[in-house]
Amino acid sequence: MLKKILGNTLISVILVVLSVVYIIATFRMRTEWWMNFDMFFAFMAAFCHLMAALFTKMIPAESKRMDRIALAMFIIAVVSGVAELVAFYCC
């Protein structure tokens, strides 16, 4: 069930569009350049997952590799989000 949901191209497109909309909506609130790291990596994770969903039938090996890259980008996005939160409230 989870694999079917994650492999859905429509959900991947929606994730990319939502990340772009969120970047546009919060652009004015992010006053420092380092406040954009989490959204950059979240967008890259969504985009890499979209590419993996599109490559599933054509190039299965590349699809798995892109999904691993997307997972790494998502982990970096979470870590950078926590780091930005700590830096914002402490500094």
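**Exercise 1. Two residues in a loop**

Where does T26 lie, is T26 buried or exposed, and which backbone oxygen does its side chain reach?

*Solution.* The model is predicted: local features need pLDDT of at least 70, side-chain atom pairs need 80 or more, and totals use all residues. Numbering starts at 1 in each chain, and side-chain values use heavy atoms, without hydrogens or water.

- Step 1. Check the burial of T26. Its relative accessibility is 6%, so T26 is buried (under 20%; over 50% is exposed, in between partly exposed; 1.4 Å probe).
- Step 2. Follow the side chain of T26. It reaches the backbone oxygen of Y22 at 2.8 Å.
- Step 3. Turn to the partner. R30 is placed in the loop between helix 2 and helix 3.
- Step 4. Check the burial of R30. With 16% relative accessibility, R30 counts as buried.

**Exercise 2. The overall layout**

How many helices and strands are there in the protein, and what pattern does it follow along the sequence?

*Solution.* 

- Step 1. Count the elements. The protein has 4 helices and 0 strands.
- Step 2. Read along the sequence. The pattern is α-α-α-α.
- Step 3. Take the box along the principal axes. The C-alpha atoms fill roughly 45 × 25 × 20 Å.
- Step 4. Look at burial. The protein has 91 residues, and 26% of them count as buried.

**Exercise 3. How the helices run**

*Solution.* 

- Step 1. Take helix 3 and helix 4 (residues 60-90). Their axes (lines fitted to C-alpha atoms, angles 0 to 180 degrees) come within 7 Å and cross at roughly 165°.
- Step 2. Name the direction. Helix 3 and helix 4 are therefore roughly antiparallel (over 145 degrees; under 35 is roughly parallel, 65 to 115 roughly perpendicular, the rest oblique).
- Step 3. Take helix 2 and helix 3. Their axes come within 9 Å and cross at roughly 160°.
- Step 4. Name the direction again. Helix 2 is therefore roughly antiparallel to helix 3.

**Exercise 4. Aromatic pairs**

How many aromatic pairs does a search of the whole structure find? Look at two of them in the model.

*Solution.* 

- Step 1. Count the pairs. The search finds 4 aromatic pairs (Phe, Tyr or Trp ring centres within 6.5 Å).
- Step 2. Look at F40 and F41. Their ring centres are 5.1 Å apart and their planes stand at 70°, so this pair is edge-to-face (over 60 degrees; under 30 is stacked, the rest tilted).
- Step 3. Look at F88 and Y89. Their centres lie 5.3 Å apart with the planes at 80°, so this pair is edge-to-face.
- Step 4. Check the accessibility of F40 and F41. F40 is partly exposed at 44%, whereas F41 is buried at 19%.
- Step 5. Do so for F88 and Y89. F88 is partly exposed at 47%, and Y89 is exposed at 63%.

**Exercise 5. Along the chain and through space**

What separates the C-alpha atoms of S63 and H49, of I76 and I11, and of L18 and C91?

*Solution.* 

- Step 1. Begin with S63. It lies in helix 4 and is buried, with a relative accessible area of 7%.
- Step 2. Go to H49. S63 and H49 are 14 residues apart in sequence, and their C-alpha atoms are 8.5 Å apart.
- Step 3. Go on to I76. It lies in helix 4 and is partly exposed, at 38%.
- Step 4. Go to I11. I76 and I11 are 65 residues apart along the chain, with 21 Å between their C-alpha atoms.
- Step 5. Finish with L18. It is placed in helix 2 and is exposed, with a relative accessible area of 51%.
- Step 6. Go to C91. L18 and C91 are 73 residues apart along the chain, and 30 Å separates their C-alpha atoms.

Note on methods:
A polar contact is a pair of N or O atoms within 3.5 Å; within protein, one must be able to donate a hydrogen and the other to accept it, and residues adjacent in sequence count only if both atoms are side-chain atoms. Rings of Phe, Tyr and Trp (its six-membered ring) pair if their centres lie within 6.5 Å; planes under 30 degrees apart count as stacked, over 60 as edge-to-face and the rest as tilted.
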